[in-house]
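Please look over the protein shown here. A short report on its structure goes with it.

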Amino acid sequence: MELTAAHWVYLVVTVAVIIIMLFRKGVVLPLIVGTFLVAAVYKGSVIAGFQAVFNANLVAAKELFSIFLIISIMIGLLNSLKDLGADKRMVVPIQKIMVNGHVSFLVLMVTTYVISLFFWPTPAVPLICALLVPAAVSAGLPVMTSAMVIVIAGQGMALSSDYIMQVAPMLSAKAAGIDKSLVSDKAFILSLFTGISSLAIVYVTHRKSITKRSVSENNNAEKAFFQVTEELAATVEETAEVIKIKAKWGKIFAIIVPLAMLAVMIFMFQTKIGGGAGFEGGDGAAFIGGVATILLVLATIAFNRIHALDKISEHITEGFVFAFRAMAPVIPIAGYFFMGSGDFSASILSLGEDAAKPGFLFDLIQAGQNYIPHSPFIAAFSILIVGIITGLDGSGFAGLPLTGALSGAIGPGSNIDPSVLAAIGQMGAVWSGGGTLIAWSSLVAVAGFLQVSPLELARKNFFPVITGLFIATILAVIIW
């Protein structure tokens, strides 16, 4: 399609947004204004600009609502388990395994990864920091090393693949115009490459500080940490009836929920490896969401009895509040970059069925193909860098529509699969903004719970994480 004035407006806004991200400022406002300007210029009507702003948000909300739903259900389930005390009981057996600092490193890594994979790191952090880290520190793992393990395994390795809830792959794939499973599988493998490489570097560089000692031998920072965790562990008095319910049903659900989630994971892996159908697109998320919803209902009934009729609404509401707080800014961002794809521009711009459907971003990339080096390595590292830059605003998912759209546009001309580029961009954006490289992200939560400096934690993460991302990117280009 021939470039129009609207294409150049789209380009200027996109470059401006990247610059704004470099200064660690929010991009929602300029993207809303950008949506208005592009539509108004393209259709030559201010009215069309107003309509496009609404339509862009509406289209994005329709495409992404399944994401909000799965997040809200999982958070609701976690809150219902907290009522029963089952969340604490689930990790008690793990505490007993932490016999020394080296074992604690491995146990903390695996536990954080698995819990974050199912429940996302943000709600999982309080549970891990309050219950597992004290045991790890007592066994000889320094507090700062514990913080690095939690951040890299949770906010990095688990969140960057998002293989169970599939929020990140869906955002990347939608913008790239490709199937979600193509991105999710590659992102899962790349997240393991990045995470294992990063954690290996952390272990090697910190192994001499990992000792076997008692709490009485800890330094002042670690003693301060234990004082804080003791305050967090303090609970209000409970009635005899509540204690009885928790003792019985808390123990039951501490067994049922992990087994149910493990069964879901095994079944999904078995289906994928066996070549079976039924979990393409949103079917996998629907399966997980359905199981989680039934578990939520059962856990709510077990604790609240007849009052469960009202209480379950509270849990679901809490889940939606969390989901919209975490994901709401993504809607206008996604709306703008969806407008750059011909698959969505017609709906956003209210074009007729026979009208030409502009793909502003894709058209610009195609027009500049002759000036772009057709090298898979250059394309891969360019997308990685763009992803890292988009994460500088502290939101790992906000940049995924951009990296996804760029991947779909650049891939064919650079002799590399767009799904590979989308997975690489996803790694850059989520590892950066998800909470491993910058101190103003969810990394603050881990630093706050463990009483360490968020700036120092981000600084210590920089070398292992960047090295891991570069290794994963090189392997991606070689393998695929």
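The report below runs from the overall fold to single residues.

## Basis of the model

This is a predicted model, in which local features need pLDDT of at least 70 and side-chain atom pairs count only at pLDDT 80 or more, while totals for chains, interfaces and linings use all residues. Residues are numbered from 1 along each chain as its sequence is written, and side-chain values use heavy atoms, with hydrogens and water left out.

## Overall make-up

The protein has 23 helices and zero strands. Both kinds of element are DSSP runs, numbered from the N terminus: helices are H or I over at least four residues, strands are E over at least two. Of the 480 residues, 56% count as buried. Buried means under 20% relative accessible area, exposed means over 50%, and partly exposed lies in between (1.4 Å probe, protein chains only).

The protein exposes about 19900 Å². Carbon and sulfur atoms supply 68% of that area. Accessible areas come from the Shrake-Rupley method with a 1.4 Å probe; for residues, only the protein chains shown count as cover. Take the contacts between residues at least 6 apart in sequence: 78% of them join residues at least 24 apart. A contact means heavy atoms within 4.5 Å.

## An enclosed helix

Helix α16 spans residues 330-338. Nine of its nine residues are buried, so α16 is largely enclosed by the rest of the structure. The buried residues are Val330, Ile331, Pro332, Ile333, Ala334, Gly335, Tyr336, Phe337 and Phe338.

## A helix pair

Two packed helices are described by the angle between their axes and the distance between the axes. Helix α21 covers residues 418-436 and helix α23 covers residues 454-479. Their axes come within 11 Å and cross at roughly 175 degrees. Axes are lines fitted to C-alpha atoms, for helices over the stretch in contact, and angles run from 0 to 180 degrees between N-to-C directions. α21 and α23 are therefore roughly antiparallel to each other. The cut-offs are under 35 degrees for roughly parallel, over 145 for roughly antiparallel and 65 to 115 for roughly perpendicular, with the rest oblique.

From α21, the contact uses Val420, Ile424, Met427, Gly428, Trp431 and Thr436. From α23, it uses Ala458, Asn461, Val465, Leu469, Thr473 and Ala476.

## Salt bridges

The structure holds three salt bridges. Each is a side-chain nitrogen of Lys or Arg within 4 Å of a carboxyl oxygen of Asp or Glu. Lysine 311 and glutamate 314 form one of them, at 3.0 Å from N to O. They sit three residues apart in helix α15 (residues 308-327), about one helical turn. Lysine 311 is partly exposed at 22% relative accessibility. Glutamate 314 is partly exposed too, at 40%.

The closest N and O atoms of glutamate 456 and arginine 459 are 2.6 Å apart. These two residues are three apart in the helix, about one turn. Lysine 460 meets glutamate 456 at 3.8 Å, N to O, and this pair is four residues apart, again about one turn. An α-helix has 3.6 residues a turn, so residues three or four places apart point the same way. Glutamate 456 is partly exposed at 27%, and lysine 460 is partly exposed at 29%. Arginine 459 is exposed at 52%.

## A nonpolar surface patch

Trp8, Leu11, Val15, Ile19, Leu22 and Phe23 form a nonpolar patch on the surface. Together they have about 590 Å² of accessible area. Patches are made of residues with over 30% relative accessible area and no salt bridge; like charges are joined within 9 Å, nonpolar side chains (Val, Leu, Ile, Met, Phe, Trp, Tyr) within 5 Å. Leucine 22 lies in helix α1 (residues 5-22). At 44% relative accessibility, leucine 22 is partly exposed.

## Positive phi in two loops

Aspartate 162 is not a glycine, yet its phi is positive, near 45 degrees. Aspartate 162 lies in the loop between α9 (143-161) and α10 (167-176). Is aspartate 162 buried or exposed? Aspartate 162 is buried, with a relative accessible area of 1%.

Asparagine 415 also has a positive phi, about 60 degrees, although it is not a glycine. Asparagine 415 is found in the loop between α20 (400-410) and α21. Asparagine 415 counts as exposed, at 62% relative accessibility.
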